[in-house]
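Dear colleague,

Please find below a structure that I am handing over to you. My notes on it come directly after.

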Amino acid sequence: HRADGCREEWVAAPEGMVMFEPEIRAAMHFAEQFFQGSCRCLYEKVCGIVPYIGQGEQRRYQLVWGVSGRIGFPKGHIEADESEIATALRETREEIGLLPRVDDGFRTEYCYLAGTARKLAVFFTGEIAGPAVYQPEEILGGALLPFGEAMEKLNFAPDRDVLQQAEFFLNSTRPQNPAPNP
């Protein structure tokens, strides 16, 4: 939709193909490069990190309280030319002020409806160091909690599934009782 209100464009894709906002903007760039406007998409992709600190029974997960009332993990919309991991890292740094070390081998996703948009949420696990500093425009606060307490605080069932998968992954790939540093 052009800002001047003179024109609205519809974008269609072949049946079975899903295009997210960055791909649509790239496809429309040549025709729309000289105009200001907005893009409302049927499909959106958000990426985030399940941030944690510690190992085994000492592990704690960083949850955030969003201004929307959602208690979950740092996440946000993918931007043009960004990979899923790059988006997840950027959003985590913006929302909690920390840049996690992303674990190899964990990626999970779920879909949900937000208004008229069908959203695909993609999550990775990442180890953090240091206290969170919350972005006040989007995050009201947060907490670093052990698995059981984090499961109770999460108020969106798909996020509980993500946390359960993350806990299983971390317990199966990390030593439970690491040897002390020499």
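The notes below cover a pocket, a helix residue and a loop residue.

This is a predicted model, in which local features need pLDDT of at least 70 and side-chain atom pairs count only at pLDDT 80 or more, while totals for chains, interfaces and linings use all residues. Residues are numbered from 1 along each chain as its sequence is written, and side-chain values use heavy atoms, with hydrogens and water left out.

The second largest pocket holds about 340 Å³ of space (on a 1 Å grid over the protein atoms alone, a pocket is an open set of points where a 1.4 Å probe fits, with protein on both sides within 12 Å along at least five of seven lines; lining residues have an atom within 4 Å of a point). Of its 19 lining residues, Ser68, Arg70, Lys75, Glu95 and Glu138 are the closest to the centre. The largest share of this lining, three residues, is supplied by β4 (strands are DSSP runs of E, at least two residues; helices are runs of H or I, at least four).

Ala88 belongs to helix α2, residues 84–96. Ala88 is buried, at a relative accessible area of 0% (buried means under 20%, with a 1.4 Å probe and protein chains only). Beyond four places in sequence, Ala88 touches Cys47, Gly48, Ile49 and Phe124 (contact means heavy atoms within 4.5 Å).

Glu82 sits in the loop between β4 and α2. With neighbours within four places in sequence left aside, its contacts are His77, Thr87 and Arg90.

Yours sincerely

Technical notes: Buried < 20%, exposed > 50% of the residue type's maximum accessible area, 1.4 Å probe, protein only. Points joined across faces, edges and corners; volume = space filled by probe spheres on them.
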